[in-house]
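User: Please walk me through reading helix packing and strand pairing in a model like this one.

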Amino acid sequence: MASKSFARTLRAASKQKVPSGTFQRSFSSALAARPAVAAQPKAALAAPVQQQSRGIKTIDFAGTKETVYEREDWPREKLHEYFKNDTLALIGYGSQGHGQGLNLRDNGLNVIVGVRKNGASWKEAEQDGWIPGKNLFEVDEAISKGSIIMNLLSDAAQSETWPAIKPQLTKGKTLYFSHGFSPVFKNLTKVDVPTDIDVILVAPKGSGRTVRSLFREGRGINSSVAVFQDVTGKAEEKAVALGVAVGSGYLYKTTFEKEVFSDLYGERGCLMGGIHGMFLAQYEVLRERGHSPSEAFNETVEEATQSLYPLIGANGMDWMYAACSTTARRGAIDWSSKFKDTLKPVFNELYDSVKDGSETQRSLDYNSQPNYRELYEKEMQEIRDLEIWRAGKAVRYVILHASIVTRTMLTLPTAPSAPRTTK
Ligand SMILES: NC(=O)c1ccc[n+]([C@@H]2O[C@H](COP(=O)([O-])OP(=O)(O)OC[C@H]3O[C@@H](n4cnc5c(N)ncnc54)[C@H](OP(=O)(O)O)[C@@H]3O)[C@@H](O)[C@H]2O)c1
(Lines give C-alpha, C1' and ligand atoms only; values in the text may rest on other atoms or scores of the structure.)
Protein backbone atom coordinates (compact mmCIF):
# COMPACT_ATOMS: atom_id res chain seq x y z
CA MET A 1 0.00 0.00 0.00
CA ALA A 2 2.96 2.29 0.62
CA SER A 3 2.72 5.65 -1.00
CA LYS A 4 6.01 6.77 -2.43
CA SER A 5 5.64 10.04 -0.60
CA PHE A 6 5.99 8.34 2.80
CA ALA A 7 9.74 8.39 2.82
CA ARG A 8 9.70 12.09 1.95
CA THR A 9 7.01 12.78 4.54
CA LEU A 10 8.90 10.88 7.19
CA ARG A 11 12.13 12.64 6.38
CA ALA A 12 10.37 15.97 6.65
CA ALA A 13 8.78 14.97 9.96
CA SER A 14 12.02 13.65 11.41
CA LYS A 15 13.75 16.90 10.56
CA GLN A 16 11.41 18.56 13.06
CA LYS A 17 12.73 16.41 15.93
CA VAL A 18 14.52 17.97 18.88
CA PRO A 19 18.18 18.13 18.01
CA SER A 20 20.12 15.67 20.11
CA GLY A 21 22.05 17.16 22.99
CA THR A 22 19.44 19.80 23.72
CA PHE A 23 16.33 19.86 25.79
CA GLN A 24 15.28 23.41 25.95
CA ARG A 25 11.72 23.50 24.73
CA SER A 26 8.85 23.89 27.10
CA PHE A 27 5.82 21.65 26.79
CA SER A 28 3.81 24.37 25.06
CA SER A 29 6.57 25.29 22.65
CA ALA A 30 7.02 21.61 21.81
CA LEU A 31 3.35 21.41 20.91
CA ALA A 32 3.52 24.57 18.89
CA ALA A 33 6.53 23.25 17.00
CA ARG A 34 4.64 20.28 15.56
CA PRO A 35 4.79 20.35 11.79
CA ALA A 36 1.93 22.12 10.12
CA VAL A 37 0.13 19.85 7.68
CA ALA A 38 -2.84 20.89 5.64
CA ALA A 39 -4.96 18.00 6.86
CA GLN A 40 -4.17 18.60 10.53
CA PRO A 41 -7.27 20.04 12.21
CA LYS A 42 -6.23 23.39 13.66
CA ALA A 43 -8.42 22.93 16.76
CA ALA A 44 -6.24 20.03 17.89
CA LEU A 45 -3.36 22.46 18.34
CA ALA A 46 -5.34 25.13 20.19
CA ALA A 47 -3.33 26.19 23.27
CA PRO A 48 -4.03 23.44 25.81
CA VAL A 49 -2.15 25.03 28.70
CA GLN A 50 -4.83 26.41 31.01
CA GLN A 51 -2.74 27.67 33.86
CA GLN A 52 0.88 27.46 34.68
CA SER A 53 3.45 28.25 37.27
CA ARG A 54 7.05 27.54 36.46
CA GLY A 55 7.46 23.83 35.79
CA ILE A 56 3.91 22.82 36.78
CA LYS A 57 1.12 22.98 34.30
CA THR A 58 -2.51 22.12 34.15
CA ILE A 59 -2.98 20.91 30.63
CA ASP A 60 -6.29 20.37 28.92
CA PHE A 61 -6.00 16.89 27.40
CA ALA A 62 -8.93 16.78 25.00
CA GLY A 63 -11.29 18.29 27.58
CA THR A 64 -9.83 16.72 30.75
CA LYS A 65 -7.49 18.84 32.82
CA GLU A 66 -4.41 17.11 34.15
CA THR A 67 -1.31 18.15 36.05
CA VAL A 68 2.06 17.87 34.32
CA TYR A 69 5.44 18.64 35.88
CA GLU A 70 8.41 19.71 33.79
CA ARG A 71 12.05 19.17 34.54
CA GLU A 72 12.64 22.86 33.75
CA ASP A 73 11.68 23.57 37.34
CA TRP A 74 14.40 21.29 38.73
CA PRO A 75 17.79 22.37 37.42
CA ARG A 76 20.74 20.35 38.61
CA GLU A 77 21.78 22.87 41.30
CA LYS A 78 18.30 22.76 42.80
CA LEU A 79 18.38 18.95 42.82
CA HIS A 80 21.74 19.04 44.61
CA GLU A 81 20.38 21.40 47.24
CA TYR A 82 17.17 19.40 47.65
CA PHE A 83 18.90 16.04 48.12
CA LYS A 84 22.04 17.32 49.87
CA ASN A 85 21.28 15.32 53.04
CA ASP A 86 20.03 12.21 51.28
CA THR A 87 21.58 8.94 50.24
CA LEU A 88 19.61 7.37 47.43
CA ALA A 89 19.82 3.59 47.82
CA LEU A 90 18.86 2.01 44.53
CA ILE A 91 17.99 -1.64 45.10
CA GLY A 92 18.22 -3.84 42.00
CA TYR A 93 20.25 -3.16 38.91
CA GLY A 94 18.19 -4.51 36.05
CA SER A 95 16.78 -2.45 33.22
CA GLN A 96 15.48 0.42 35.37
CA GLY A 97 18.25 0.22 37.97
CA HIS A 98 20.84 0.68 35.25
CA GLY A 99 19.08 3.61 33.56
CA GLN A 100 17.92 5.46 36.64
CA GLY A 101 21.09 4.75 38.61
CA LEU A 102 23.47 6.07 35.97
CA ASN A 103 21.32 9.14 35.41
CA LEU A 104 21.29 9.89 39.16
CA ARG A 105 25.05 9.45 39.27
CA ASP A 106 25.58 11.71 36.26
CA ASN A 107 23.31 14.27 37.89
CA GLY A 108 25.82 14.37 40.74
CA LEU A 109 23.56 12.96 43.45
CA ASN A 110 24.66 10.73 46.29
CA VAL A 111 23.48 7.38 44.97
CA ILE A 112 24.47 3.87 45.97
CA VAL A 113 23.45 0.53 44.46
CA GLY A 114 22.31 -2.54 46.42
CA VAL A 115 22.24 -5.94 44.71
CA ARG A 116 22.98 -9.60 45.41
CA LYS A 117 26.69 -10.16 45.60
CA ASN A 118 28.07 -11.95 42.55
CA GLY A 119 24.71 -12.05 40.75
CA ALA A 120 24.42 -10.88 37.15
CA SER A 121 23.49 -7.37 38.33
CA TRP A 122 26.50 -7.07 40.62
CA LYS A 123 28.80 -7.76 37.70
CA GLU A 124 26.95 -5.36 35.45
CA ALA A 125 27.08 -2.65 38.09
CA GLU A 126 30.84 -3.12 38.43
CA GLN A 127 31.19 -2.86 34.65
CA ASP A 128 29.28 0.42 34.83
CA GLY A 129 31.81 1.78 37.30
CA TRP A 130 30.04 1.23 40.63
CA ILE A 131 32.70 0.40 43.21
CA PRO A 132 32.19 -2.31 45.88
CA GLY A 133 32.36 -0.79 49.35
CA LYS A 134 32.07 2.75 48.00
CA ASN A 135 28.79 2.94 46.13
CA LEU A 136 28.01 -0.74 45.49
CA PHE A 137 26.75 -2.88 48.38
CA GLU A 138 24.67 -5.89 49.18
CA VAL A 139 20.97 -5.11 49.51
CA ASP A 140 20.75 -4.93 53.31
CA GLU A 141 23.79 -2.71 53.64
CA ALA A 142 22.56 -0.35 50.95
CA ILE A 143 19.18 -0.02 52.65
CA SER A 144 20.82 0.68 55.99
CA LYS A 145 22.87 3.49 54.44
CA GLY A 146 20.03 4.97 52.39
CA SER A 147 17.47 7.61 53.32
CA ILE A 148 15.50 7.12 50.10
CA ILE A 149 15.10 3.45 49.21
CA MET A 150 14.42 2.98 45.51
CA ASN A 151 13.02 -0.51 45.11
CA LEU A 152 13.92 -1.48 41.55
CA LEU A 153 13.96 -5.22 42.02
CA SER A 154 11.79 -7.14 39.59
CA ASP A 155 8.17 -7.11 40.76
CA ALA A 156 8.29 -10.78 41.73
CA ALA A 157 11.52 -10.18 43.68
CA GLN A 158 9.94 -7.24 45.52
CA SER A 159 7.36 -9.63 46.88
CA GLU A 160 9.87 -12.39 47.59
CA THR A 161 12.29 -10.12 49.49
CA TRP A 162 9.69 -8.04 51.33
CA PRO A 163 9.86 -9.91 54.66
CA ALA A 164 13.57 -9.05 54.81
CA ILE A 165 13.25 -5.49 53.52
CA LYS A 166 10.24 -4.23 55.47
CA PRO A 167 11.85 -4.16 58.95
CA GLN A 168 14.66 -1.99 57.56
CA LEU A 169 12.29 0.73 56.35
CA THR A 170 12.39 2.75 59.51
CA LYS A 171 10.77 6.10 60.24
CA GLY A 172 12.34 8.95 58.30
CA LYS A 173 13.14 6.87 55.23
CA THR A 174 11.24 7.18 51.95
CA LEU A 175 10.20 4.21 49.84
CA TYR A 176 10.21 4.65 46.06
CA PHE A 177 8.82 2.36 43.38
CA SER A 178 8.71 2.48 39.59
CA HIS A 179 5.49 0.49 39.43
CA GLY A 180 2.37 0.42 41.57
CA PHE A 181 2.33 -3.39 41.39
CA SER A 182 3.64 -4.33 44.85
CA PRO A 183 1.66 -2.03 47.17
CA VAL A 184 -1.56 -1.95 45.11
CA PHE A 185 -1.88 -5.74 44.98
CA LYS A 186 -0.63 -6.16 48.54
CA ASN A 187 -3.11 -8.98 49.23
CA LEU A 188 -1.18 -11.00 46.63
CA THR A 189 2.33 -9.56 46.91
CA LYS A 190 2.26 -9.17 50.73
CA VAL A 191 4.01 -5.79 50.30
CA ASP A 192 2.27 -3.90 53.10
CA VAL A 193 4.23 -0.68 53.44
CA PRO A 194 5.01 0.71 56.92
CA THR A 195 2.52 3.43 57.81
CA ASP A 196 5.09 5.97 59.04
CA ILE A 197 7.10 6.60 55.86
CA ASP A 198 6.50 8.42 52.57
CA VAL A 199 5.80 6.04 49.70
CA ILE A 200 6.15 7.46 46.20
CA LEU A 201 6.34 6.36 42.59
CA VAL A 202 8.06 7.46 39.42
CA ALA A 203 7.28 5.09 36.56
CA PRO A 204 9.13 5.87 33.34
CA LYS A 205 7.03 5.09 30.28
CA GLY A 206 9.75 3.12 28.58
CA SER A 207 12.51 0.66 29.24
CA GLY A 208 15.47 1.55 31.44
CA ARG A 209 17.66 1.58 28.35
CA THR A 210 15.50 4.35 26.92
CA VAL A 211 15.59 6.22 30.23
CA ARG A 212 19.34 6.23 29.85
CA SER A 213 19.62 6.92 26.13
CA LEU A 214 17.21 9.87 26.20
CA PHE A 215 19.07 11.35 29.17
CA ARG A 216 22.35 11.02 27.29
CA GLU A 217 20.81 12.78 24.32
CA GLY A 218 19.89 15.67 26.62
CA ARG A 219 16.23 14.76 26.51
CA GLY A 220 13.90 13.18 29.05
CA ILE A 221 11.42 10.33 29.15
CA ASN A 222 7.73 10.77 30.03
CA SER A 223 6.98 9.32 33.46
CA SER A 224 4.00 8.82 35.73
CA VAL A 225 4.34 10.26 39.21
CA ALA A 226 2.22 9.32 42.23
CA VAL A 227 2.04 9.32 46.00
CA PHE A 228 0.83 6.29 47.93
CA GLN A 229 1.44 7.67 51.39
CA ASP A 230 2.39 11.19 52.46
CA VAL A 231 3.66 11.32 56.01
CA THR A 232 5.92 14.37 55.75
CA GLY A 233 3.69 16.56 53.59
CA LYS A 234 6.56 16.64 51.09
CA ALA A 235 5.96 13.34 49.33
CA GLU A 236 4.74 14.74 46.02
CA GLU A 237 7.50 17.32 45.77
CA LYS A 238 10.08 14.64 46.56
CA ALA A 239 8.60 12.33 43.91
CA VAL A 240 8.74 15.04 41.25
CA ALA A 241 12.32 15.95 42.16
CA LEU A 242 13.35 12.30 42.04
CA GLY A 243 11.51 11.88 38.76
CA VAL A 244 13.57 14.64 37.21
CA ALA A 245 16.76 13.31 38.83
CA VAL A 246 16.29 9.85 37.30
CA GLY A 247 15.83 11.33 33.83
CA SER A 248 12.20 12.29 33.27
CA GLY A 249 11.35 15.19 30.99
CA TYR A 250 7.66 15.42 31.82
CA LEU A 251 5.90 13.85 34.79
CA TYR A 252 2.21 13.08 34.60
CA LYS A 253 0.37 12.96 37.91
CA THR A 254 -1.57 9.77 38.64
CA THR A 255 -2.26 7.32 41.46
CA PHE A 256 -0.49 4.03 42.23
CA GLU A 257 -3.64 2.12 41.33
CA LYS A 258 -4.24 3.89 38.01
CA GLU A 259 -0.57 3.49 37.09
CA VAL A 260 -0.51 -0.25 37.66
CA PHE A 261 -3.87 -0.92 36.04
CA SER A 262 -3.04 1.07 32.91
CA ASP A 263 0.49 -0.31 32.71
CA LEU A 264 -0.43 -4.01 32.98
CA TYR A 265 -3.33 -3.44 30.59
CA GLY A 266 -1.30 -1.48 28.04
CA GLU A 267 1.64 -3.85 27.83
CA ARG A 268 -0.67 -6.82 27.36
CA GLY A 269 -2.63 -4.83 24.77
CA CYS A 270 -1.50 -2.33 22.14
CA LEU A 271 2.06 -1.99 23.41
CA MET A 272 3.13 -5.60 23.16
CA GLY A 273 0.73 -8.56 23.36
CA GLY A 274 -2.09 -7.15 21.26
CA ILE A 275 0.16 -5.80 18.56
CA HIS A 276 2.10 -9.05 18.34
CA GLY A 277 -1.15 -11.00 18.05
CA MET A 278 -2.38 -8.69 15.30
CA PHE A 279 0.90 -8.92 13.37
CA LEU A 280 0.74 -12.72 13.55
CA ALA A 281 -2.89 -12.91 12.45
CA GLN A 282 -2.36 -10.63 9.46
CA TYR A 283 0.88 -12.33 8.43
CA GLU A 284 -0.58 -15.84 8.67
CA VAL A 285 -3.57 -14.94 6.49
CA LEU A 286 -1.28 -13.45 3.85
CA ARG A 287 0.91 -16.53 3.86
CA GLU A 288 -2.07 -18.92 3.76
CA ARG A 289 -3.36 -16.96 0.76
CA GLY A 290 -0.18 -17.45 -1.20
CA HIS A 291 1.88 -14.33 -0.50
CA SER A 292 5.62 -14.61 -0.09
CA PRO A 293 7.26 -14.15 3.34
CA SER A 294 8.86 -10.86 2.30
CA GLU A 295 5.59 -9.47 0.97
CA ALA A 296 3.70 -10.59 4.06
CA PHE A 297 6.35 -9.13 6.37
CA ASN A 298 6.70 -5.85 4.51
CA GLU A 299 2.94 -5.34 4.42
CA THR A 300 2.50 -6.25 8.08
CA VAL A 301 5.50 -5.10 10.09
CA GLU A 302 8.02 -3.22 8.02
CA GLU A 303 5.78 -0.53 6.65
CA ALA A 304 4.04 -0.21 10.01
CA THR A 305 7.14 0.25 12.11
CA GLN A 306 9.36 2.08 9.63
CA SER A 307 6.86 4.35 7.95
CA LEU A 308 3.38 4.67 9.37
CA TYR A 309 3.73 4.32 13.15
CA PRO A 310 6.43 7.00 13.35
CA LEU A 311 4.04 9.32 11.51
CA ILE A 312 1.32 8.63 14.07
CA GLY A 313 3.81 9.21 16.87
CA ALA A 314 5.00 12.48 15.45
CA ASN A 315 1.72 14.03 14.40
CA GLY A 316 -1.32 11.88 15.10
CA MET A 317 -3.56 9.36 13.37
CA ASP A 318 -5.32 11.92 11.18
CA TRP A 319 -1.97 13.17 9.93
CA MET A 320 -0.91 9.65 9.01
CA TYR A 321 -4.22 9.02 7.24
CA ALA A 322 -3.83 12.32 5.39
CA ALA A 323 -0.36 11.29 4.22
CA CYS A 324 -1.76 8.14 2.57
CA SER A 325 -3.57 7.57 -0.69
CA THR A 326 -7.33 8.05 -0.77
CA THR A 327 -7.64 4.32 -1.54
CA ALA A 328 -5.77 3.42 1.63
CA ARG A 329 -7.59 6.06 3.64
CA ARG A 330 -11.07 4.88 2.61
CA GLY A 331 -10.38 1.26 3.53
CA ALA A 332 -8.57 2.04 6.75
CA ILE A 333 -11.32 4.27 8.07
CA ASP A 334 -14.00 1.70 7.19
CA TRP A 335 -12.17 -1.24 8.73
CA SER A 336 -11.00 0.53 11.89
CA SER A 337 -14.50 0.46 13.37
CA LYS A 338 -14.84 -3.27 12.62
CA PHE A 339 -11.56 -3.97 14.39
CA LYS A 340 -12.56 -1.75 17.30
CA ASP A 341 -15.92 -3.47 17.77
CA THR A 342 -14.34 -6.92 17.54
CA LEU A 343 -11.47 -6.17 19.88
CA LYS A 344 -13.24 -4.10 22.53
CA PRO A 345 -14.67 -7.13 24.37
CA VAL A 346 -11.16 -8.61 24.48
CA PHE A 347 -9.81 -5.38 25.97
CA ASN A 348 -12.59 -5.39 28.57
CA GLU A 349 -11.75 -8.98 29.46
CA LEU A 350 -8.11 -7.96 29.78
CA TYR A 351 -8.91 -4.97 32.02
CA ASP A 352 -11.00 -7.22 34.30
CA SER A 353 -8.15 -9.68 34.49
CA VAL A 354 -5.80 -6.86 35.52
CA LYS A 355 -8.19 -5.35 38.04
CA ASP A 356 -9.11 -8.59 39.80
CA GLY A 357 -5.43 -9.45 40.29
CA SER A 358 -5.31 -12.43 37.91
CA GLU A 359 -2.52 -10.87 35.88
CA THR A 360 -0.58 -10.06 39.03
CA GLN A 361 -0.95 -13.59 40.37
CA ARG A 362 0.17 -15.06 37.04
CA SER A 363 3.17 -12.78 36.96
CA LEU A 364 4.15 -13.57 40.57
CA ASP A 365 3.77 -17.31 40.07
CA TYR A 366 5.68 -17.44 36.81
CA ASN A 367 8.44 -14.97 37.61
CA SER A 368 9.15 -16.46 41.04
CA GLN A 369 10.22 -19.78 39.57
CA PRO A 370 13.93 -20.34 40.06
CA ASN A 371 14.37 -21.10 36.36
CA TYR A 372 12.26 -18.19 35.07
CA ARG A 373 15.12 -16.79 32.99
CA GLU A 374 15.54 -20.11 31.13
CA LEU A 375 11.79 -20.44 30.66
CA TYR A 376 11.62 -16.98 29.10
CA GLU A 377 14.59 -17.71 26.92
CA LYS A 378 12.80 -20.78 25.59
CA GLU A 379 9.76 -18.64 24.72
CA MET A 380 11.95 -15.97 23.14
CA GLN A 381 13.53 -18.67 21.00
CA GLU A 382 10.09 -19.86 19.92
CA ILE A 383 9.23 -16.30 18.89
CA ARG A 384 12.58 -15.88 17.12
CA ASP A 385 11.86 -19.09 15.22
CA LEU A 386 8.49 -17.93 13.90
CA GLU A 387 8.61 -17.45 10.17
CA ILE A 388 7.43 -13.85 10.40
CA TRP A 389 10.42 -12.80 12.51
CA ARG A 390 12.88 -14.86 10.49
CA ALA A 391 11.51 -13.17 7.39
CA GLY A 392 11.92 -9.88 9.23
CA LYS A 393 15.58 -10.58 9.84
CA ALA A 394 16.03 -11.20 6.14
CA VAL A 395 14.30 -7.92 5.31
CA ARG A 396 16.50 -6.06 7.80
CA TYR A 397 19.53 -7.83 6.41
CA VAL A 398 18.62 -6.77 2.89
CA ILE A 399 18.29 -3.18 3.98
CA LEU A 400 21.52 -3.24 5.94
CA HIS A 401 23.49 -5.04 3.27
CA ALA A 402 22.08 -3.63 0.06
CA SER A 403 24.89 -5.15 -1.97
CA ILE A 404 23.54 -8.60 -1.29
CA VAL A 405 20.06 -7.76 -2.53
CA THR A 406 20.93 -8.69 -6.07
CA ARG A 407 21.42 -12.28 -5.03
CA THR A 408 18.30 -14.39 -4.77
CA MET A 409 17.23 -15.12 -1.23
CA LEU A 410 15.19 -18.27 -1.33
CA THR A 411 16.01 -19.59 2.09
CA LEU A 412 14.82 -17.84 5.19
CA PRO A 413 17.59 -17.23 7.72
CA THR A 414 17.88 -19.05 10.97
CA ALA A 415 17.96 -16.46 13.71
CA PRO A 416 20.13 -14.90 14.89
CA SER A 417 22.63 -15.45 12.08
CA ALA A 418 22.54 -13.55 8.80
CA PRO A 419 20.33 -14.95 6.04
CA ARG A 420 21.79 -17.68 3.91
CA THR A 421 21.76 -17.09 0.21
CA THR A 422 21.43 -19.86 -2.30
CA LYS A 423 24.00 -18.53 -4.74
N1 LIG B 1 11.77 -2.72 32.48
C2 LIG B 1 10.90 -1.77 32.17
O3 LIG B 1 10.70 -1.45 30.98
C4 LIG B 1 10.16 -1.03 33.26
C5 LIG B 1 9.53 0.17 32.93
C6 LIG B 1 8.91 0.90 33.92
C7 LIG B 1 8.89 0.39 35.22
N8 LIG B 1 9.48 -0.80 35.52
C9 LIG B 1 9.45 -1.27 36.91
O10 LIG B 1 10.74 -1.08 37.46
C11 LIG B 1 11.01 -2.09 38.46
C12 LIG B 1 12.28 -2.82 38.09
O13 LIG B 1 12.05 -3.48 36.85
P14 LIG B 1 13.24 -3.96 35.91
O15 LIG B 1 12.62 -4.34 34.61
O16 LIG B 1 14.35 -2.98 35.95
O17 LIG B 1 13.67 -5.28 36.68
P18 LIG B 1 14.65 -6.39 36.14
O19 LIG B 1 15.41 -5.92 34.95
O20 LIG B 1 13.87 -7.64 36.02
O21 LIG B 1 15.67 -6.40 37.37
C22 LIG B 1 15.69 -7.39 38.20
C23 LIG B 1 16.61 -7.02 39.37
O24 LIG B 1 16.06 -7.71 40.48
C25 LIG B 1 17.10 -8.51 41.04
N26 LIG B 1 16.51 -9.71 41.62
C27 LIG B 1 15.70 -10.61 41.01
N28 LIG B 1 15.34 -11.56 41.89
C29 LIG B 1 15.94 -11.25 43.06
C30 LIG B 1 15.95 -11.81 44.36
N31 LIG B 1 15.25 -12.91 44.64
N32 LIG B 1 16.68 -11.20 45.31
C33 LIG B 1 17.39 -10.08 45.06
N34 LIG B 1 17.42 -9.50 43.86
C35 LIG B 1 16.70 -10.06 42.87
C36 LIG B 1 18.07 -8.81 39.90
O37 LIG B 1 19.33 -9.10 40.45
P38 LIG B 1 20.20 -10.34 39.95
O39 LIG B 1 20.87 -9.90 38.68
O40 LIG B 1 21.13 -10.56 41.07
O41 LIG B 1 19.26 -11.48 39.69
C42 LIG B 1 18.02 -7.49 39.15
O43 LIG B 1 18.92 -6.58 39.73
C44 LIG B 1 9.77 -2.99 38.45
O45 LIG B 1 8.90 -2.55 39.45
C46 LIG B 1 9.17 -2.76 37.08
O47 LIG B 1 7.79 -3.03 37.02
C48 LIG B 1 10.13 -1.50 34.57
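Predicted model: local features only at pLDDT ≥ 70, side-chain atom pairs only at ≥ 80, totals over all residues.

Analyst: Local features need pLDDT of at least 70, side-chain atom pairs count only at pLDDT 80 or more, totals for chains, interfaces and linings use all residues, and side-chain values use heavy atoms, leaving out hydrogens and water.

User: How do α4 and α10 cross?

Analyst: Two packed helices are described by the angle between their axes and the distance between the axes. Here the axes of α4 (residues 95-106) and α10 (residues 208-216) come within 6 Å and cross at roughly 25 degrees. They are therefore roughly parallel (under 35 degrees).

User: Which residues make the contact?

Analyst: With contact meaning heavy atoms within 4.5 Å, α4 contributes residues including Ser 95, His 98, Leu 102 and Asp 106. From α10 come Gly 208, Arg 209, Val 211, Arg 212 and Phe 215. By class, the contact has 3 nonpolar, 7 polar and 3 charged residues; Gly counts as polar.

User: Which strands pair with β11?

Analyst: Pairing takes at least two DSSP bridges. β3 (residues 64-70) runs antiparallel to β11, joined by 3 bridges, and Glu 70 stands opposite Tyr 250. β10 (residues 221-229) pairs with β11 in the parallel sense over 5 bridges; Ile 221 stands opposite Ser 248.

Methods: Residues numbered from 1 in each chain as written. Axes fitted to C-alpha atoms, helices over the stretch in contact; angles between N-to-C directions. Helix = DSSP H or I, 4+ residues; strand = E, 2+ residues; numbered from the N terminus. Parallel < 35°, antiparallel > 145°, perpendicular 65-115°, else oblique.
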